[in-house]
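Please read the following report alongside the sequence and the model. It covers confidence, helix packing and several individual residues.

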Amino acid sequence: MKNYFSFHLTGKKLLPIWILFLIFFIAPYFVLIFRMQNIEPGSKAFLFVFPLLILLVIIAFGLTFFMAKLTIENVSFKNQSIVYHGTFGKYIGTILLGFFLSIVTLGVYSPWFIRDIHRFFVNNSFYNSQSLKFRGKGIKLFLILLLSVILPTVILSVLMARSMIDGNNQTPTFVIIQQVVTMIIMIPYMYFVYKWMIDIDYKDLHISWDTDFWNSCGKIAVEMVLSIITVGIYMPLAMLRLYKYFAEKTKATSHNRKLSFGYEIDQLNDFLFIWGQVLLTIITAGIYYPWAFCKIGNRILGKTYLMEG
């Protein structure tokens, strides 16, 4: 028997936080980026750019806490909502410490910082009075980033530098090869990072992806290529098809039972619905975003299920 999730958040509830996000992050960020064009490197004004960017990122993280809290608390399963016990004080402490350690280690601590944030949200989410527990390790994410992004990027940069020396970097073939290689690098990165994120315990159940690397990367590659060749028009459907594919690969298992997730996709109607919400967000200069987010979340989670077997 399929048991479906529900999402109850409304645009009206999300709107105040979104307005704060627009006022205190998005608007100042674009003003800063615009002003940077007229700031000379090495000037006194230039010295304030990096601290201001850090401040804006911290503000964005702070507001994200309240958006995430509302989102989590409005997800329900079998008519019982998830309860979130995370506090803003502990969260902002995690953010400030993570930023400091990431800066002083020149980014080396970033995987552990990401782990701390993800673990904070997962471990403070309770269903039926029992918390979820994230098991992912920072060292594993570090190795994922090192092997799937950093090393390939370094190799690509070296090849680009050699090509620039040879004077071939402006050829169309070089540009195409560069873009293709960048896309290829992103595919295993996406697979491994999301697989790392789905590593959660709940009571005696362990929730994880039961996936095959080559088949999964092939699926990601196909959807990515279709999105590119349609200039992004296909992207909502690509995301839905990937969501369905990996939802069905997500299992909750214990020593005596196995639960499977799934998603009932209606490709044409879901595609048109999401594009409709995106267009409304665009033509309202982002004001409609809270309603778009809530309606899309309600549609997708409402067709996401969990069943035995």
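Is Lys-78 buried or exposed? Lys-78 counts as exposed because its relative accessibility is 54%, where buried means under 20% relative accessible area, exposed over 50% and partly exposed in between (1.4 Å probe, protein chains only).

**Basis and confidence**

This is a predicted model, in which local features need pLDDT of at least 70, side-chain atom pairs count only at pLDDT 80 or more, and totals for chains, interfaces and linings use all residues. Residues are numbered from 1 along each chain as its sequence is written, and side-chain values use heavy atoms, with hydrogens and water left out.

The protein chain has an average pLDDT (the predictor's confidence in each residue, from 0 to 100) of 91, and 91% of the residues score at least 70. Confidence in the chain is lowest in helix α2 (residues 44–47), with a mean of 66, and highest in helix α11 (residues 289–301), at 98. Helices (H or I, at least four residues) and strands (E, at least two) are DSSP runs, numbered from the N terminus.

**Packing of helix α3**

The axis of helix α3 (residues 49–73) comes within 10 Å of that of helix α4 (residues 88–104), and the two cross at roughly 145 degrees. Axes are lines fitted to C-alpha atoms, for helices over the stretch in contact, and angles run from 0 to 180 degrees between N-to-C directions. In this contact (heavy atoms within 4.5 Å), α3 contributes residues including Ile-54, Phe-61 and Phe-65, while α4 contributes Tyr-91, Ile-95 and Phe-99, among others. By class, the contact of α3 with α4 has 13 nonpolar, 2 polar and no charged residues. Here Ala, Val, Leu, Ile, Met, Phe, Trp, Tyr, Cys and Pro count as nonpolar, Asp, Glu, Lys and Arg as charged, and the others, Gly among them, as polar.

The axes of α3 and helix α5 (residues 110–123) come within 11 Å and cross at roughly 30 degrees. Phe-61, Phe-65, Ala-68 and Ile-72 of α3 meet Ile-117, Phe-120 and Phe-121 of α5. The contact of α3 with α5 divides into 7 nonpolar, no polar and no charged residues.

Thr-250 lies in strand β9 (residues 250–253) and is buried, with a relative accessible area of 9%. Asp-270 belongs to helix α10 (residues 267–283) and is buried as well, with a relative accessible area of 1%. Their polar contacts are tabulated below; the term covers a pair of N or O atoms within 3.5 Å, where within protein one must be able to donate a hydrogen and the other to accept it, and residues adjacent in sequence count only if both atoms are side-chain atoms.

| Side chain | Partner | Distance |
|---|---|---|
| Thr-250 | Trp-209 side chain | 3.3 Å |
| Asp-270 | Arg-299 side chain | 2.7 Å |

Not counting residues up to four places away in sequence, Thr-250 touches Ile-198 and Leu-259, among others, and Asp-270 touches residues including Leu-240 and Tyr-263.

**Loop residues**

Most residues other than glycine have a negative phi. Lys-78, in the loop between β2 (75–77) and β3 (80–81), has a positive phi of about 55 degrees although it is not a glycine. Asn-128, in the loop between β5 (125–127) and β6 (130–134), likewise has a positive phi of about 55 degrees. At 39% relative accessibility, Asn-128 counts as partly exposed.

Lys-203 sits in the loop between β7 (199–202) and β8 (205–209). Leaving aside neighbours within four places in sequence, Lys-203 is in contact with Asn-128 and Gln-130.
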